[in-house]
Amino acid sequence: MGAAESHTAKKQVNVDEAKEFFSAKLVVGGDDKPETLLPISYWKEASEDEEATATFAYYCAEPGVKFQVKCSLLRPPPDGVSYGARVYVDRGEPDTVYTSAAVEGDAEDGVDTSVPDHYFWFGPGETEYVVRGFFADTESSWPFQFGSAAAARRSLGSHNVDEDEPEPKRARSSVSSADVRLAKEIGCVRVQFCKVVKWMKPLRHAATPRRASLPGSAAELCDRKGARVVAKAGTATVKDQEAATVEKEAVLSEKILHECRVFFNDFGGYRAQATMGAAMLEPLTFRGLPLSALRQPDVRRRCIETFLRALQRDGSEKAAQTRLSGWGFGLARASTRGATEDTDNAKVAVKRVAKFACEILSPAAAKIVCAGSTDADEALYQTFAGLTDKERFADLESHTTALGEYLVNRPDLYEVTATKSKGWLSKGTEYSVSFAELVIE
């Protein structure tokens with residue numbers, strides 16, 4: 001998860017995901033109950049000539065879960081214009097903003113020479129297409145599933161090797177530049193949007209299911225670097241709902257308009273990369289974490305501290321919910337957010353912190369953070385689809401009480417102050433919290 005190292009890219013910040021014309025989002029749950037995940041980090045970059053752009057979205061994955069990539073246009077294209085996209089799975093340099101695509105081989109800077117898994121196009125009036133997996137044929141896919149990078153040492157489609165035969169071991173010092181490149185490529189689906197330049201007679205295609213195939217040294221490097229998840233192919237094909245019989249097939253331009261980079265790794269992998277600590281300075285990072293991560297005591301504490309600092313610093317919930325950058329993902333952002341020199345250590349009402357948790361997180365996640373819930377919930381991810389304000393704040397009072405107890409029981413970290421409620425209709429006592437200050441005499 002590094003910043004762009006190529007001279008062809010420059011950084012951009014303050015990106016609103018909802019306003020991007022081209023988008024690609026990670027979806028779990030299958031066709032019967034799809035749930036669009038929220039990224040833990042998101043930003044945008046452009047090529048030097050600003051002719052091509054790329055967005056970078058990092059998601060927290062749970063190994064073994066099936067996933068899809070939902071590709072969308074913000075609005076239908078004008079008459080006479082059609083768009084399509086090439087799909088790359090665990091292929092290509094994720095740090096470079098490519099300007100054009102080419103066949104594999106030597107190429108100039110900014111030209112993508114990787115081999116795509118397949119490509120698709122939007123039909124007349126269409127603004128959405130779901131990439132369900134690796135290309136199988138014109139009507140079906142091998143479904144995506146989060147798999148183990150350490151186990152991805154063979155090509156799933158290879159029948160010429162003995163799967164029981166161990167990989168030859170090499171010394172760590174013998175890790176080559178090719179191994180490093182392979183380690184950087186995995187855990188990413190790239191959707192490369194282009195214009196349709198012409199149409200041709202449909203062709204029949206077939207392919208063997210693939211997954212990231214890593215030699216032993218690359219797999220070892222991935223483990224040390226914290227890259228633990230790859231895109232794995234399912235064992236049976238599924239029919240693509242959009243793959244109806246067509247009379248013509250699109251030919252895509254080599255010129256790239258925009259590329260969506262969808263990265264995925266498990267929470268432990270991100271932590272091994274030493275990037276998650278800085279990323280957790282942003283409140284919105286916690287929206288993308290699975291419930292299992294939020295149940296970890298130190299993550300729960302970091303979540304509460306980040307919410308408290310955001311409310312102290314920004315003064316309003318709306319300002320604290322604005323995503324400013326991809327904290328900790330190799331980026332040097334010019335921002336005062338998350339700096340150690342915070343402004344006044346102001347008192348914040350405990351109820352306000354609990355309310356902020358309800359606004360930022362799903363109800364299940366807010367319960368974990370405020371009340372330390374250990375319910376045996378089968379859900380893996382936070383769910384936001386169709387969520388109403390009534391559902392968000394249904395347990396606000398109980399969350400406030402539980403959060404207050406949590407804070408009071410940690411006087412070395414937090415200073416809790418009781419204040420009498422004001423107003424004719426107010427009852428009981430309200431509590432405010434700030435960070436405990438160490439005084440050395």
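## Cavities and helix packing in a predicted model

The structure holds four cavities of 30 Å³ or more. A cavity here is a set of points, on a 1 Å grid over the protein atoms alone, where a 1.4 Å probe fits but cannot get out. Grid points are joined across faces, edges and corners, and a volume is the space filled by probe spheres set on the points. The model is predicted: local features need pLDDT of at least 70, side-chain atom pairs count only at pLDDT 80 or more, and totals for chains, interfaces and linings use all residues. Residues are numbered from 1 along each chain as its sequence is written, and side-chain values use heavy atoms, with hydrogens and water left out.

Start with the largest cavity. About 70 Å³ of space lies in it. Its lining includes Thr 36, Leu 37, Leu 38, Tyr 59, Cys 60, Arg 287 and Phe 384; lining residues have an atom within 4 Å of a point. By class, the lining has eight nonpolar, three polar and one charged residues. Ala, Val, Leu, Ile, Met, Phe, Trp, Tyr, Cys and Pro count as nonpolar, Asp, Glu, Lys and Arg as charged, and the others, Gly among them, as polar.

Now take Arg 287 from that lining. Arg 287 lies in the loop between α4 (276-279) and α5 (291-294). Helices are DSSP runs (H or I, at least four residues), as are strands (E, at least two), numbered from the N terminus. Arg 287 and Leu 37 are 250 residues apart in sequence, yet 8.8 Å apart in space, C-alpha to C-alpha. Not counting residues up to four places away in sequence, Arg 287 touches Leu 38, Ile 360, Leu 361, Gln 382, Phe 384 and Arg 392. Contact means heavy atoms within 4.5 Å.

Ile 360 leads on to helix α8 (residues 350-360). Helix α8 packs against helix α11 (residues 396-408) at an angle of about 120°, with their axes 9 Å apart. That makes α8 oblique to α11. Axes are lines fitted to C-alpha atoms, for helices over the stretch in contact, and angles run from 0 to 180 degrees between N-to-C directions. Angles under 35 degrees count as roughly parallel, over 145 as roughly antiparallel, 65 to 115 as roughly perpendicular and the rest as oblique. The contact of α8 with α11 has seven nonpolar, three polar and three charged residues.

Helix α6 (residues 297-314) also packs against α11, at about 105° with axes 13 Å apart. The two are therefore roughly perpendicular to each other. Arg 300, Arg 301 and Ile 304 in α6 meet Leu 403, Tyr 406 and Leu 407 in α11. That contact has four nonpolar, no polar and two charged residues.

The axes of α6 and α8 come within 10 Å and cross at roughly 110°. That makes α6 roughly perpendicular to α8. Phe 307, Leu 308, Ala 310 and Leu 311 of α6 make the contact with Arg 352, Val 353, Phe 356, Ala 357 and Ile 360 of α8. These residues divide into eight nonpolar, no polar and one charged.

How values were computed:
On a 1 Å grid over the protein atoms alone, a cavity is a set of points where a 1.4 Å probe fits but cannot get out, and a pocket is an open set with protein on both sides within 12 Å along at least five of seven lines; lining residues have an atom within 4 Å of a point.
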